[in-house]
Protein chains: 2
Amino acid sequence: MRIITISREFASGGRELGKRLADALGFKYYDSEIINEIVRHTDFDAGFIDKVSDGEVSFNFHFGRSFGFSVNQPAIDVLAAQHKVISELADKKDCVIVGRMSDIILDKKLPLKIFVYSDRDHKIARCRERGELHPEASDRQIIRKCRQIDSFRRRTHDTFAPYRWGDRRGYNLCVNTAGVDIKKLIPGLKEYALAFFDSQKQ
Amino acid sequence: MRIITISREFASGGRELGKRLADALGFKYYDSEIINEIVRHTDFDAGFIDKVSDGEVSFNFHFGRSFGFSVNQPAIDVLAAQHKVISELADKKDCVIVGRMSDIILDKKLPLKIFVYSDRDHKIARCRERGELHPEASDRQIIRKCRQIDSFRRRTHDTFAPYRWGDRRGYNLCVNTAGVDIKKLIPGLKEYALAFFDSQKQ
C-alpha cells in the first residue's frame, strides 16, 4: 500500500492539502472515519476520543509537589485503539491520513511523511477566513490559540516519536504554505509522491 | 526573475538536485561562475574565495583569553563581492543558485528557497560513491567530515540570517533525499516550482 501521512501546524492548511492530494491521486482520505472506528472499538464518546487523538489530553497526571505520577488509562486506551484502527486502514487501500500520529504509527510501512507549516500572518488570515475563532479575536489571541494547539500536538508526538515534532529529519518533505495557493501545489506534490513510491520499490 | 536557492547538508545531493532542476526548468545554474565573478571583482585567488564562500573561514579572530576580537577584513571583502555578484546574476535570468548564502542575499526577491537534507546512511553511501574522501575512511570518519562541513555552513549562515540554518521556517520547501532517486523527483519539483512562482505573481 502507498501511504501519505500529513503532520501540520494548526492553520497551515495541512488538512486542505491532504484532502486535495488524496483526490488528485485517487487515494482514500481518512479523517473522521478514524474517530468513528475508534468509537466502535472502545466505550468512549467521539468528543473525548477526538481530544485524545489531537493531543489535548495528557497521558499522565502529576501529583502536586511529589515526583509521583499516574497514567491516564482512558487516554492510553484510546491511543491503543487508534494505533490498531490506523494500522488496519492503511493495510486496506492507498491512503492519505492527516494527523492522529499516523506518521509514528505507520513509520514501519515507509509512508511519504509530509509536514505542512506556514508563517504567522498567513495563519492568522486562514483562521479569520475559516471563521473558527471568535470574529473579534485579535491577531495576538489567534496566534496564541494556534501555538497552544501546536504545543498539544508537539507534546503528544514527542512522547512517542524518536524525532521531534516539526524537525525536518523526521519527515520526507516539509511544505511551507505561506503565500502560496495550495490548490496549485497539488499537481507537483502528486508527481513528487508517485516518484517517491516508485523509488521505494527498488 | 524567478529564482531558486538551494541550501543543503553536505552529501545530501543538493547540488545534483539543483543542477537537474535548473536543466528541467531551462533556468541558468550558477555555481563556479560565482567564484569566477568574485575573482574579477577582488584581488583574492579562487581557492580563498571558495573557502570563505563555503563558510570555512571565520569572520573574526578572538585574541587568546581576552574578550577583544578583530574582524577578518579579507573574508568580509569576499562576502561583499559575493553579495554584489549574486544579486546581479539573479537580476539577469531565471536561475538556480546552490549555497553561497544565496537564500539570505536574495531573500527580498522572493526566491523559492529549498533546503535539501538526508540521513546518515545515505550520506555515507553518497560520499563513498563520489569517492571524494579517502577510500579507506571509516563510516565514522565520513560522517564526522559531513558534520564539520555542515557546521561551517551553519556558522556562516547563522551569522547573517534571521533564521537558523536548516530550520524549516526559513525555507519554502525541505526535501529529504534519503532513499529516493533524485532524478525521479525532478518532474514533481519542477511543477511545484512553477506553481510557487505562479502563486507569487498574485
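Author: A residue counts as buried if 20 or more other C-beta atoms lie within 10 Å of its own, as exposed if 12 or fewer do, and as partly exposed in between. The model discussed here is a predicted one.

Reader: Why is strand β1 of chain A said to be largely enclosed by the rest of the structure?

Author: Strand β1 of chain A covers residues 3-8. A:Ile3, A:Thr5 and A:Ser7 point one way from the strand, A:Ile4, A:Ile6 and A:Arg8 point the other way, and all are buried.

Reader: Which strand of chain A is joined to β1(A) by four bridges?

Author: The two strands in question run parallel. One pairing between them places A:Ile3 with its bridge partner A:Cys95. The strand that holds A:Cys95 is β5(A), and the four bridges thus join β1(A) to residues 95-98, strand β5 of chain A.

Reader: How many bridges join β1(A) to β6(A)?

Author: Strands β1(A) and β6(A) run parallel. Within this pairing, A:Ile6 has A:Ile114 as its bridge partner in β6(A). The number of bridges that join β1(A) to β6(A) is five.

Reader: Which residues lie on the two faces of β1(B), and are they buried or exposed?

Author: On one side of β1(B) are B:Ile3, B:Thr5 and B:Ser7, and on the other are B:Ile4, B:Ile6 and B:Arg8. Six of the six residues of this strand are buried, so the strand is largely enclosed by the rest of the structure. Both faces are covered, and the state of the residues on each is buried.

Reader: Which residue of β6(B) is the bridge partner of B:Ile6?

Author: Strand β1(B) is joined by four bridges to β5(B), with which it runs parallel, and there B:Ile3 stands opposite B:Cys95. Five bridges join β1(B) to β6(B), residues 112-117, again with a parallel run. In β6(B), the bridge partner of B:Ile6 is B:Ile114.

Reader: What is the radius of gyration of chain A?

Author: Chain A has eight helices and seven strands, and its C-alpha atoms fill a box of roughly 55 × 45 × 30 Å along the principal axes. For 202 residues, a compact globule would have a radius of gyration near 17 Å. Chain A agrees with that expectation, its radius of gyration being 17 Å.

Reader: What percentage of the residues in chain A is buried?

Author: Among contacts in chain A between residues at least 6 apart in sequence, 69% join residues at least 24 apart. Of the 202 residues in chain A, the buried share is 42%.

Reader: Which element gives the largest share of the side of chain A that touches chain B?

Author: In the contact between the chains, 25 residues of chain A meet 24 residues of chain B. The elements of chain A that give two or more residues to this side are β7 (173-176) and α8 (182-201). By class, the side has 12 nonpolar, seven polar and six charged residues. The largest share, 12 residues, comes from α8(A).

Reader: Which residue of β7(B) stands opposite A:Cys174?

Author: Strand β7(A) is joined by three bridges to strand β7 of chain B, residues 173-176. These two strands run antiparallel. The residue of β7(B) that stands opposite A:Cys174 is B:Cys174.

Reader: Is A:Leu110 buried, partly exposed or exposed?

Author: A:Leu110 lies in the loop between α5 (102-105) and β6 (112-117) of chain A. Its phi is near 50 degrees, a positive value in a residue other than glycine. Because 14 other C-beta atoms lie within 10 Å, A:Leu110 is partly exposed.

Reader: Is B:Ala11 buried or exposed?

Author: B:Ala11 lies in the loop between β1 and α1 (14-25) of chain B. Its phi is near 70 degrees, a positive value in a residue other than glycine. With 27 C-beta neighbours inside 10 Å, B:Ala11 counts as buried.

Technical notes
Residues are numbered from 1 along each chain as its sequence is written. Chains are lettered from A and ligands numbered from 1 in the order in which they are written. This is a predicted model: local features need pLDDT of at least 70, side-chain atom pairs count only at pLDDT 80 or more; totals for chains, interfaces and linings use all residues. Two residues are in contact if their C-beta atoms, placed from the backbone, lie within 7 Å. Ala, Val, Leu, Ile, Met, Phe, Trp, Tyr, Cys and Pro count as nonpolar, Asp, Glu, Lys and Arg as charged, and the others, Gly among them, as polar. Two strands pair if DSSP finds at least two bridges between them. The radius of gyration is taken over C-alpha atoms; the globule rule is 2.2 Å times the number of residues to the power 0.38.
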